Amino acid sequence: MGRNQSFHVDSLDWIELSGLAVSKAGFKQLTDPDYTNDSYSLELTRVGPEGSSHPHTEEWAHLFYVLSGQGELEVEGEASEMRPGSIHPVAAGQLHSLRNTGESDLVMLAIYHPPRWR
C-alpha cells in the first residue's frame, strides 16, 4: 500500500462497500499494517445521502471523527447526532447502526483497534 510516506487523500480511489451492513458507502485505507505495527488502522469513510447501516456488532473497537455532513449514530439503543467535529466511540461487541440524515456525504475518519484490514 505504501502509506509510510506523505501522500494526499485525493490520490486514493474510493473503495465501495457492498454486501455488508452499510449502504451507499465507501472507504479509503489510510494506513499500512507495518506503519502501525498492526496496532490500529485508519480509514476515511463516507456514507452517501440516505445511506445507512443495519444494527450490527463488530469484533473491533472503532472511533468515528466526523469531518463533514450530518448523521445519527445509535449505540446500544442510545442515539447521538453526528456533525463536523463530533467524536463517536463504539466499543467492540456493541450493537450499533448509523445513518446519513443530510443531503450530502457524511465523511468521517474511522480508527479501528485491533486493526481492520479489508
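Tutor: Before we look at this predicted model, one definition is needed: a nonpolar patch is made of residues with over 30% relative accessible area and no salt bridge, whose nonpolar side chains are joined within 5 Å.

Student: Which residues make the nonpolar surface patch, and what makes them a patch under that definition?

Tutor: The patch is made by Tyr35, Tyr40 and Ile111, and its area is about 290 Å². Tyr and Ile belong to the side chains that the definition counts as nonpolar, so membership implies that each of these residues has over 30% relative accessible area and no salt bridge. Of the three, Tyr35 has its place in helix α1 (residues 33-36).

Student: What makes β1 and β7 edge strands?

Tutor: The sheet in question is open and has six strands in the order β1-β2-β3-β9-β4-β7, with antiparallel pairing. Since β1 (15-17) and β7 (87-90) each have a single partner strand, one side of each is left without a neighbour in the sheet. Neighbouring strands here are turned by 30° against each other on average, direction ignored.

Student: How do you know that β4 and β7 pair?

Tutor: Pairing requires at least two bridges between the strands, and four bridges join β4 (residues 61-68) to β7, which run antiparallel; in β7, His88 is the bridge partner of Phe64.

Student: What is the order of the strands in the open sheet of three, and which of them are at the edges?

Tutor: The order is β6-β5-β8, with antiparallel pairing, and β6 (78-82) and β8 (96-100) are the edge strands, each pairing on one side only. Between β5 (residues 71-75) and β8 there are five bridges in the antiparallel sense, with Asn100 in β8 as the bridge partner of Gly71.

Student: Why is β3 said to be largely enclosed?

Tutor: Seven of the seven residues of β3 (residues 41-47) are buried, so the strand is largely enclosed by the rest of the structure. The cover extends to both faces, with Ser41, Glu43, Thr45 and Val47 buried on one side and Leu42, Leu44 and Arg46 buried on the other. As for its partners, five bridges join β2 (residues 25-29) to β3, and seven bridges pair β3 with β9 (residues 106-113), both in the antiparallel sense.

Student: Why does Arg46 count as buried, and what does Glu16 count as?

Tutor: Buried means under 20% relative accessible area, and Arg46, at 19%, therefore counts as buried. Glu16, with a relative accessible area of 48%, is partly exposed, because exposed would need over 50%.

Student: What makes the contact between Arg46 and Glu16 a salt bridge?

Tutor: The cut-off is 4 Å between the side-chain nitrogen and the carboxyl oxygen, and the closest N and O atoms are 2.8 Å apart, so the pair qualifies. Arg46 lies in β3 and Glu16 in β1, so the pair ties together parts that are 30 residues apart in sequence.

Student: How do you know that Lys24 and Glu50 form a salt bridge?

Tutor: Their N to O value is 3.9 Å, which is within the cut-off of 4 Å. Lys24 lies in the loop between β1 and β2 and Glu50 in the loop between β3 and β4, so this pair ties together parts 26 residues apart in sequence. Glu50 counts as exposed, at 66% relative accessibility.

Notes:
Residues numbered from 1 in each chain as written. Predicted model: local features only at pLDDT ≥ 70, side-chain atom pairs only at ≥ 80, totals over all residues. Heavy atoms only, no water. Helix = DSSP H or I, 4+ residues; strand = E, 2+ residues; numbered from the N terminus. Axes fitted to C-alpha atoms, helices over the stretch in contact; angles between N-to-C directions. Patch = residues over 30% accessible without salt bridge, like charges linked within 9 Å, V, L, I, M, F, W, Y side chains within 5 Å. Areas by Shrake-Rupley, 256 points an atom, 1.4 Å probe, with all protein chains shown as cover. Buried < 20%, exposed > 50% of the residue type's maximum accessible area, 1.4 Å probe, protein only.
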